[in-house]
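Have a look at the model, then read on.

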Amino acid sequence: MSSGDDPSPDATQPPATDETGPVEPTTGSESLLLTYAAPFLGVLLIAAGLPLAIVGGYVVIQDSVGLCGDPSITATPVDEYDGAPETVEELPASELSPAERRALEEAIDSPLREGTVDGDLANRAALLEGAIVEYEGNRYYVQITSQNSCLDVEPLLFPIGAIAILVGIAGVLTPPIYRKMAGFEERMRRDRTD
Amino acid sequence: MNRALVEVSLFGAVIVGCLLVVGFAQRLRAEPSPDGGYATDRERRLGLGDAKAAAVRWTTTTNHREIGLLYIAFGTVAAIWGGIDAMMIRTHLLTPEANLWTEQTYNELFTMHGLTMLIFFVTPVFFGIGNYFLPLLIGADDMAFPRLNAIGFWLLPPSLLLARLGIVAEVTGAVLAVIVPNDWISVLLAFQEPAIGWTMYPPLSLAPNPQTNFLLLGLHLSGIATTIGAINFITTIIYERDESIGWANLDIFSWNMLITSAIVIFAFPLLGTALLMLLFDRNFGTTFFAVEGGGPILWQHLLWFWGHPEVYIIFLPATGLMSLILPKFVGRKLFGFKFIVYSTIAIGVLSFGVWAHHMFVTGVDPRVRASFMATSIAIAVPSAIKVFNWITTMWNGDVRLAAPTILCVGSIGLFIVGGVTGIFLAVIPVDVIYHGTYYVVGHFHLILMGIIPLMMFAASYYWYPLLTGRMYDRRLAIFQSVLLVVGSALTFMTLMALGFLELPRRYATYPAGFSGLQIVATVGAFIIGISVLMWLYNMIWSYFQGTPIETADPWELKATEQFTPEWQWFEDRLERKRGVPPSEPDSVRPSYVPAQDERPLSIYGRIEPVARTVASDAGVGATGGFIGTLLMSGALLAAVVLGVFDLESIATLATLVGLPSNLALGYGLFLIAGTAVWPLLFLSLGEYLPGELTLVTGLWYATVIASGFAIGFYTGQTGLELVTYLLFVVLAHWIYGLGLAGTIASLGGRQRRPSTGEGGNE
């Protein structure tokens, strides 16, 4: 964008400025209610509708897409902590549930050291605190990093939010819609007069 | 949910939206006008050769204005990216638990939001504005070192890419994983955006995430770029000024850029050094910030020795813009120019003496704390001098309604709240209580959002005619400015309230009792987001479709002797490029005000057309009613599907006329009523409802009758079901009203009454 690309004047539009300076943005004949108040109300509706729709919509999809309920754990080799603090609980690998074991293996293999517990979390309390697990000769500090809890709100929030957004968009578009309406009725009236 | 894919999708949606606006605006512009059209210079299609030429031109340019535009474009992209982070943070905080994103994702989001906004958005945009306008303001041909200037900019894109390589690698890995075995791309999958907080405090920043190394390198590179830019600004201002411009009449924005650049020179090399030390700690076993070496507190000292001056690096250019722009829209020269310059210099010096107030709670020596408390409070004095001078500049001024005015006044208000709350934080006992709470988040966002981006927006509007030769949509700009101020106040004042309630910051979860205020803050944040998108739309659309300006003085600056050098440059350029200014139109009539007939009507004349219309155009009304009822049925059907509207209520409608309760019969009656009864009432009573247009009257009419429907068809819904039911009732009636009135208007069944006595109908 540069002033080097001088635009050609468009005679179909009103001038933004005249010899005396800028043309005022809002003329006296204009409805302030429809030009500013209605769009403002519209934006408020959109801004309120977005969280409603997001939360309501998420509830609908979270189960079907499997977005909740399975906690994720990390497994970090204890060596990286320069020796484990004595206060950290030791958890024998034999006490891990099959799901926990799978998650531990997944975390050990993962470049991000993360795994998802897809099933019974028998040692929830210990893993929430963080525990040292010796597995296949190596010691890991294993901890739940996210519980991935399920959201519990009314799914009806989704349609309410969606309606609020739609009505809000209509509110934001009120000034141009009003102008179109005015033009439309003007044409109709002119046609009838002719 | 996968954060990376969501973020990239949102980013892509914004970019695609921008491209669509560009395409649509260009297409409209290429279409000839009904009167035969005017030749435009943009009709030719862009070929491969043109694209190549443009790419070469924009990547090799050393022109200060073009580099300035590149800086601004880069900063805007970063702002959108960081803004999406912010929206995702606020979305996460809608619920007390970590439901929508995980805790890890939340930590990544607030880390990268902070760094992206501070490093890659604000400084580049101000450097862009400086690059474009500073040489024009001081009468220089270009920046002192044009090639160095280009290098300074071109270091930024790779630095942003390095800093945010985590998300790029993650998305690339996710896409490649569809066709390539995971083992081959395990390197990509190992990257993860750092979740260590933007302050990168050790020992957390020593955690083994390879992306942290790239982040540090990216930040270091951006620091080099910033330092190069600062050297260029200082040299340009000192050596490239026009002979007529001395220190006494150097414009206030250039003064601010000079002081900002001086701070950069002292602050950023230190950041670079500290970043390298952290990199060495991470990769080469040094112990600068390990407990057995310098300790984590050393990092805090070094970071904040850069970090607090950085606050002023991004704040001072905003105050420079305020001091430059505000006088233009209030018709008075800047009050106390000299004192504003002195205050800027004072801030520049003092900014290096306040860093330890960020560390009051780390247990530094009480005497050190006390001295930093004193300097931190002292720095409020030059800031306050600026505020008082801005207010005095407005005093008795001819304040003009324009987007920059709203942004300036709004900024002053927000900055006062942000600044005063900062003084409290400078006081040790208050800081000890509030340091770890949302109070701090609210305080610094009132400044970081309340004045810095607002002044960027103000500058974009103020100089838009100069940049593009066209005027932006001023109504939309005023609306957008108000939204931005309201959204900022709502969001960050709410965060202050959360802070007063002592809600700790930085946590992904919070007690459920705070959810109400968190939702309010999120709604405010979405208002900010919407307003930013409106600004983006206005800038792009107006570039192609804005009204061409007809004078180099669009803001009447000559009238108040404020026609500053950049506008004089623009005036020369307009004269050289365009020659004779375009002629004025004879008269101007807004296209959205419906023309009205001149014949005044008597009372009889007002009622008679209504009666005649009802009698003669009953068919039109019935048609409208039928169409409206069918459309309304669709909306009600959606409500039935959602389970908030009971069809039984329609079925029982038949019993009102003595028929058995039956759905088909009930709907038949419903259709008849919607076709015959309600349109007739509309045609009779619509005259007495508000609205110049039939369609608006139709909406009012529908709103009125919706209340009766809501009561008549209510079947015991409660709670959210009741809310949804009412929403659908109103929506269905609006659809009915639009269908009814739209059909009547198009078929000419209803004539407007003369609302003001100056119009009427035959």
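## Charges over rings

B:Lys558 sits over the face of B:Phe563, 4.7 Å from the ring centre. B:Arg241 does likewise with B:Trp247, at 4.2 Å from the ring centre. For the cut-offs, NZ of Lys or CZ of Arg has to be within 6 Å of the ring centre and within 35 degrees of the ring normal.

## Ground rules

Keep in mind that this is a predicted model, where local features need pLDDT of at least 70, side-chain atom pairs count only at pLDDT 80 or more, and totals for chains, interfaces and linings use all residues. Residues are numbered from 1 along each chain as its sequence is written, chains are lettered from A and ligands numbered from 1 in the order in which they are written, and side-chain values use heavy atoms, with hydrogens and water left out.

## The nonpolar cores

A nonpolar core here is a set of buried Ala, Val, Leu, Ile, Met, Phe, Trp, Tyr and Cys residues joined through side-chain atoms within 4.5 Å. Buried means under 20% relative accessible area, exposed over 50%, and partly exposed in between (1.4 Å probe, protein chains only). The largest core has 188 residues, and B:Met200, B:Trp390, B:Ile451 and B:Trp463 touch the most other members. Its largest share, 21 residues, comes from helix α4 (residues 103-138) of chain B; helices are DSSP runs of H or I, at least four residues, numbered from the N terminus.

Leaving out residues up to four places away in sequence, B:Ile451 touches B:Phe315, B:Ala318, B:Met322, B:Trp390, B:Ser411, B:Phe415 and B:Leu446, with contact meaning heavy atoms within 4.5 Å.

## Aromatic pairs

Over all chains, there are 47 aromatic pairs. Rings of Phe, Tyr and Trp (its six-membered ring) pair if their centres lie within 6.5 Å; planes under 30 degrees apart count as stacked, over 60 as edge-to-face and the rest as tilted. B:Phe133 and B:Trp463 are stacked, 3.7 Å centre to centre with 20° between the planes. They're 330 residues apart, with B:Phe133 in helix α4 and B:Trp463 in the loop between α18 (452-462) and α19 (464-468) of chain B. Both B:Phe133 and B:Trp463 are buried.

B:Tyr434 and B:Phe500 go edge-to-face, at 5.8 Å and 85°. B:Tyr434 is buried, at 15% relative accessible area, whereas B:Phe500 is partly exposed, at 48%.

Key: Helices (H or I, at least four residues) and strands (E, at least two) are DSSP runs, numbered from the N terminus.
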